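Subject: Structure handover

Hello,

I am passing a structure on to you. Please open it first, then read my notes below.

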Amino acid sequence: MLLVFLALLSVPVSAQSPLDVGGHISPQLRYISSADRGVEVPTTGSFTSGKDGLSLGIGAGVYLEYAITPNWFVRGGVDLSYKRNQYGVRKTFVESDSTISGTNQIVYSSIELPLSVLYRFDFLPNGDSFLLGIGTTVNRWGGNPRAFASFFHRRGVKEFVDYPRHTVTVFGGYERYLSNVIVVGLEPYLSYVPTRFNLETTTSAKVQVEAGLSLRFHLDN
């Protein structure tokens, strides 16, 4: 990341404040669905299968933002996220054809290096502005996942969790100057983060989408 910013500093721009520093806090909502894994259903004993679910997590981070032109910007930084992934499960007893319901919750922390490109529209008469952007995660490091599961009783679940190093995020935003240098903004976003959890016998759970609302501030130097 440092090399990226050093390279960007060599690009001539006409903006008065080409490099800004900021931070954010972002509540995150994850939608998880379960799909058939394509394995043969046991004919004796019992088996487990997953359902859908919604989970709320949170992320925070710091970033640098560089003006390529008066309207185009590059933003990169470091984020720390607490990921919660909760969904329903059922256990089916084959002989009696009966089921009982439960819940799986997999939690872990994630250190991420986001990088995005954004476009700020011209200022409104009152000095506020709107923006649109697209970004990715250059890399991520996930902590050791923990599972609080109704029917899964192993201590470690890292081998059953598959989370991607890279994601795709689209976002918009609205910004307002609180002073000559302090800018605050709200940025709703959607991310494609195809994380999988393989804790059930016949199904695999997948994070279909992550949605959030970033409360951001940066210093317009």
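Start with D97: at 67% relative accessibility, this residue counts as exposed. The cut-offs are under 20% relative accessible area for buried, over 50% for exposed, and partly exposed in between (1.4 Å probe, protein chains only). D97 sits in the loop between β4 and β5. Its phi is positive, about 55°, although D97 is not a glycine.

Some ground rules. This is a predicted model, in which local features need pLDDT of at least 70, side-chain atom pairs count only at pLDDT 80 or more, and totals for chains, interfaces and linings use all residues. Residues are numbered from 1 along each chain as its sequence is written, and side-chain values use heavy atoms, with hydrogens and water left out.

Overall build

The protein has one helix and 12 strands. Both kinds of element are DSSP runs numbered from the N terminus: helices are H or I with at least four residues, strands are E with at least two. The order from the N terminus is α-β-β-β-β-β-β-β-β-β-β-β-β. The radius of gyration is 22 Å, well over the 17 Å that the globule rule gives for 221 residues, so the protein is more spread out than a compact globule. That radius is taken over C-alpha atoms, and the rule is 2.2 Å times the number of residues to the power 0.38. Along its principal axes, the C-alpha trace spans about 75 × 35 × 25 Å.

Of the 221 residues, 43% are buried. Take the contacts with a separation of 6 or more: residues 24 or more positions apart account for 71% of them. Contact here means heavy atoms within 4.5 Å.

Surface and charge

The protein exposes about 11700 Å², and carbon and sulfur atoms supply 62% of that area. Areas come from the Shrake-Rupley method with a 1.4 Å probe; for residues, only the protein chains shown count as cover. There are 19 positive and 18 negative side chains, and the centres of the two sets lie 7 Å apart. Lys and Arg count as positive, Asp and Glu as negative; His and the chain ends are not counted. Each charge is placed at NZ of Lys, CZ of Arg, CG of Asp or CD of Glu.

Cores

In soluble globular proteins, nonpolar side chains tend to be buried together. A nonpolar core is a set of buried Ala, Val, Leu, Ile, Met, Phe, Trp, Tyr and Cys residues joined through side-chain atoms within 4.5 Å. The largest one here has 15 residues, and Y87, I106, V161, F197 and L199 have the most contacts inside it. Two or more residues of this core come from each of β4, β5 (98-120) and β12 (203-219). Apart from it lies another core of six residues, including A67, F73, L118 and F171.

L199 is worth a look. Leaving out residues up to four places away in sequence, L199 touches R37, T48, Y87, N104, I106, A147, F152 and F160.

Other residues to check

The contact lists below also leave out residues up to four places away in sequence.

- K91 lies in strand β4 (residues 72-93). At 23% relative accessibility, K91 is partly exposed. K91 touches S46, F47, T48, S98, T99, I100 and F151. T201 is 110 residues from K91 along the chain, yet their C-alpha atoms are separated by 9.4 Å.
- F130 belongs to strand β6 (residues 129-142). With a relative accessible area of 40%, F130 is partly exposed. Its contacts are Y119, R120, F121, L124, G173 and Y174. F130 and L54 are 76 residues apart in sequence and 29 Å apart in space, C-alpha to C-alpha.
- I68 is in the loop between β3 (53-67) and β4. I68 is partly exposed, at 32% relative accessibility.
- V181 is in the loop between β9 (168-177) and β10 (182-192). V181 has a relative accessible area of 40% and is partly exposed. V181 is in contact with H218, L219 and D220. V181 and L219 are 38 residues apart in sequence and 5.3 Å apart, C-alpha to C-alpha.

Best wishes
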